[in-house]
Amino acid sequence: SPYIRERDELVISLGYYCGLRTSEVTDTRNLRTSDLKKALNEIKVKNTHAFTMKVFGKGNKVRSVDVPPKISNLIRTFVDGRRSSITDGPLVCSIDGSPLHKSHASTVFKKALRSATFRAERYLQNPPNSDFFVYHIPKDSYKNLTFHCLRHTFATNLVDFCYKHGIDPWQHVPEQMGHSRLATTKAYINFDALIHRREHIMRALEQEAHE
């Protein structure tokens with residue numbers, strides 16, 4: 001149904017743009033519509049577009065997660081639209097308002113992966129952009145992707161965001177991700193150093209060659 005489609009597209013977006021774990025998406029303590037409506041009203045009054053929400057995560061630890069404009073707009077559309085006739089409660093719920101299984105986000109991702117497989121395989125075999133600096137994963141790796149991979153992508157993008165805006169990733173990334181060990185954060189910072197920084201250096205060298 002249109003409701004399920006919009007809800008599940010939002011589920012995938014929450015993993016990619018907010019770094020939520022599978023269980024966090026449907027945890028009934030998270031994404032309460034009453035809290036979200038309050039936050040959305042506040043940013044409307046302030047004429048801003050992003051807000052921060054509390055998320056219960058691994059080990060019942062609570063962290064503050066920044067909700068970017070793209071997701072706040074999707075949430076507002078869903079809350080004011082197809083979810084408006086359902087009683088306040090978890091944002092991601094069944095059509096009658098009842099909670100969903102903690103693995104729902106993983107199930108949604110697997111279905112989306114299957115639906116996109118043919119197009120993705122064709123793209124990976126013949127990428128339209130031959131840019132030397134564009135990275136692609138192998139076909140076998142693509143088939144092994146999970147919802148949690150969205151969280152990994154969010155983390156690496158977050159490190160890059162920190163460097164671009166002069167923010168300390170050692171402080172901001174653990175706060176957003178809920179990391180309890182610095183070694184976990186280090187993995188993403190090292191990845192950014194090895195891949196993204198190398199890309200920037202190579203681009204700069206190429207630019208110098210043409211000057």
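1. Contact here means heavy atoms within 4.5 Å. The model is predicted.

2. Start with Ser13. This residue sits in helix α1, which spans residues 2-18. Is Ser13 buried or exposed? Ser13 counts as buried because its relative accessibility is 14%, and the cut-off for buried is under 20%. Which residues does Ser13 touch, leaving aside neighbours within four places in sequence? Its contacts are Cys18, Ile71 and Leu74.

3. Next, the packing of α1 on α7. Helix α7 covers residues 148-164. The two axes come within 6 Å. They cross at roughly 35 degrees. From α1, the residues involved are Ile12, Gly15, Tyr16, Tyr17 and Cys18. They meet Leu150, Arg151, Thr153, Phe154 and Asn157 of α7. By class, this contact has six nonpolar, three polar and one charged residues.

4. Now the second largest pocket. Its space is about 410 Å³. The lining has 18 residues. Nearest the centre lie Tyr17, Pro68, Phe154, Leu158 and Phe161.

5. At least two residues each come from α1, β1 (51-56), β2 (62-67), α7 and α8 (169-177). By class, the lining of the second largest pocket has nine nonpolar, six polar and three charged residues.

Conventions: Residues numbered from 1 in each chain as written. Predicted model: local features only at pLDDT ≥ 70, side-chain atom pairs only at ≥ 80, totals over all residues. Heavy atoms only, no water. Helix = DSSP H or I, 4+ residues; strand = E, 2+ residues; numbered from the N terminus. Buried < 20%, exposed > 50% of the residue type's maximum accessible area, 1.4 Å probe, protein only. Axes fitted to C-alpha atoms, helices over the stretch in contact; angles between N-to-C directions. Nonpolar A, V, L, I, M, F, W, Y, C, P; charged D, E, K, R; others polar. 1 Å grid on protein atoms, 1.4 Å probe; cavity = no way out; pocket = protein on both sides within 12 Å on 5 of 7 lines; lining within 4 Å. Points joined across faces, edges and corners; volume = space filled by probe spheres on them.
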